[in-house]
Amino acid sequence: MQNLVNRRWLLARYPEGTPVPNDWVMDQQPVPDPGPSQILVKAKWLSVDPYMRGRMSPASNYTKGVGLGEVMHGGGVGEVVASNHPAWKIGDIAESMSVGWQEWSVLTPGIVGPAGVNKIDPKIAPIESSLSWLGMPGITAYFGLLEVGRPRPGDTVVVSAASGAVGQLVGQIAKLAGCRAVAIAGDDSKLKWCREIGFDVGINYHKAADLTAAVKEVCPTGVDVFFDNTAGPIHDAVMRNLSIGARVVICGRIALAGQFGKPDIGERFMGHLIVSRASIHGFLVFDWWHRRDEALRRLANWRREGKFQFKEDVLEGIERMPEAFLRLLHGKNFGKQIVKIS
Ligand SMILES: NC(=O)c1ccc[n+]([C@@H]2O[C@H](COP(=O)([O-])OP(=O)(O)OC[C@H]3O[C@@H](n4cnc5c(N)ncnc54)[C@H](OP(=O)(O)O)[C@@H]3O)[C@@H](O)[C@H]2O)c1
């Protein structure tokens with residue numbers, strides 16, 4: 001493949017606070033050849049996800065960060081154009097979290113776990129769904145809410161970043177579980193859409209003068225399940241409104257992306273935990289990867305039955321990867337942010 005060019009985004013420096021476009025640099029290399037038992041995949045869609053902020057650091061959290069000069073980590077889905085693996089043929093569709101921010105990638109099928117390569121059936125759903133509701137964000141919403149949040153019919157479930165990739169699904173699954181779903185988002189048009197897909201009520205956290213009071217007003221009997229995608233001031237406001245026996249799912253900390261690696265300056269909420277006897281649970285989707293198929297099967301069935309909607313926010317072109325990622329950190333995405341490559 002030496003006559004073809006692979007455009008790739010490399011990490012150029014570690015950001016101090018919120019990342020900026022110059023933290024990455026694009027380079028061009030000849031398209032690599034797959035080695036023994038490997039496949040070459042031409043990306044069709046790439047994903048940007050908030051976890052990528054954690055990878056832009058020399059420190060490890062649950063996994064190692066991207067080294068300077070290395071291809072930025074990320075998931076993608078594309079077409080197999082060369083195969084040295086008996087189970088893969090040209091034209092198959094491959095999805096993997098090991099694709100990276102690049103147009104072509106050499107992947108190694110057979111790895112078990114999140115770094116593995118999954119064969120996608122385009123008859124089930126458009127292939128880009130494997131980066132959203134039929135992929136990692138869907139699995140996050142499914143297990144995070146149902147297994148960790150443990151919603152019961154009649155519960156009030158509060159979701160932050162409610163119109164995002166994970167949040168929109170959490171709210172709709174909460175409704176399927178017979179709950180009352182409360183959206184917290186940063187824009188009225190996002191909240192309007194959340195209402196359209198089934199959330200009962202919403203709060204614009206940019207507009208609420210007193211966020212704690214705003215949560216109390218819409219959750220008069222308290223918050224039974226808090227699916228926290230943001231941390232920060234939203235977290236503090238909801239934690240002051242927990243019901244007795246509430247479950248708090250700590251899924252993400254996007255509000256703290258600008259102070260990555262530094263201590264959270266939020267209040268200490270232990271007193272609220274005593275009063276509410278709530279449980280608070282850190283969630284990592286990769287702990288549930290062994291049950292991935294179960295979640296995807298259930299999500300696909302619900303989708304086929306028209307039980308939930310899903311909004312994507314599409315940019316086009318590999319050139320726009322940094323811009324696409326930064327949109328997440330500034331709340332500019334409306335729905336799951338993906339980038340169409342070819
Ligand atoms: N633990 C896990 O295994 C796991 C897996 C997947 C995702 N996550 C986490 O889940 C969260 C949502 O991920 P996603 O992929 O669904 O992203 P997303 O919600 O589609 O996009 C990010 C959203 O975060 C909100 N946001 C940005 N800055 C904010 C701030 N300062 N304060 C409050 N909200 C802010 C914005 O929505 P608004 O306009 O509404 O502010 C933005 O649209 C992230 O924190 C992510 O890290 C965790």
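Into which domains is the chain divided? The chain consists of domain 1 (5–132 + 311–340) and domain 2 (136–286), with bounds that come from an automatic or database domain assignment. The model is predicted: local features need pLDDT of at least 70, side-chain atom pairs count only at pLDDT 80 or more, and totals for chains, interfaces and linings use all residues. Residues are numbered from 1 along each chain as its sequence is written.

The C-alpha centres of domain 1 and domain 2 lie 28 Å apart. Across the boundary, 17 residues of domain 1 are in contact with 19 residues of domain 2, where contact requires C-beta atoms, placed from the backbone, within 7 Å. The side of domain 1 that touches domain 2 is made up of 7 nonpolar, 7 polar and 3 charged residues. In this classification Ala, Val, Leu, Ile, Met, Phe, Trp, Tyr, Cys and Pro count as nonpolar, Asp, Glu, Lys and Arg as charged, and the others, Gly among them, as polar.

The ligand lies between the two domains, because domain 1 and domain 2 both give residues to the shell around it. This shell holds 32 residues, the closest being Gly164, Ala165, Gly186, Gly252 and Gly331; a residue is near the ligand if its C-beta atom, placed from the backbone, lies within 6 Å of it. The elements that supply two or more residues are α2 (136–149), α3 (165–176), α6 (232–239) and α9 (321–329). Of these, α3 provides the largest share, 3 residues. By class, the shell divides into 16 nonpolar, 11 polar and 5 charged residues. Helices (H or I, at least four residues) and strands (E, at least two) are DSSP runs, numbered from the N terminus.

Attention now turns to a sheet. Its 6 strands form an open arrangement in the order β10-β9-β8-β11-β12-β13, with parallel pairing; two strands pair if DSSP finds at least two bridges between them. β10 (201–204) and β13 (279–282) stand at the edges with a single partner strand each, so one side of each is left without a neighbour in the sheet. Neighbouring strands are turned by 15 degrees against each other on average, direction ignored. β12 (residues 242–250) pairs with β13 in the parallel sense over 4 bridges, and Val249 stands opposite His281 in β13.

Helix α6 lies across β8, β9 (180–185), β11 and β12, at about 170 degrees to β11. Axes are lines fitted to C-alpha atoms, for helices over the stretch in contact, and angles run from 0 to 180 degrees between N-to-C directions.

How values were computed
Two residues are in contact if their C-beta atoms, placed from the backbone, lie within 7 Å.
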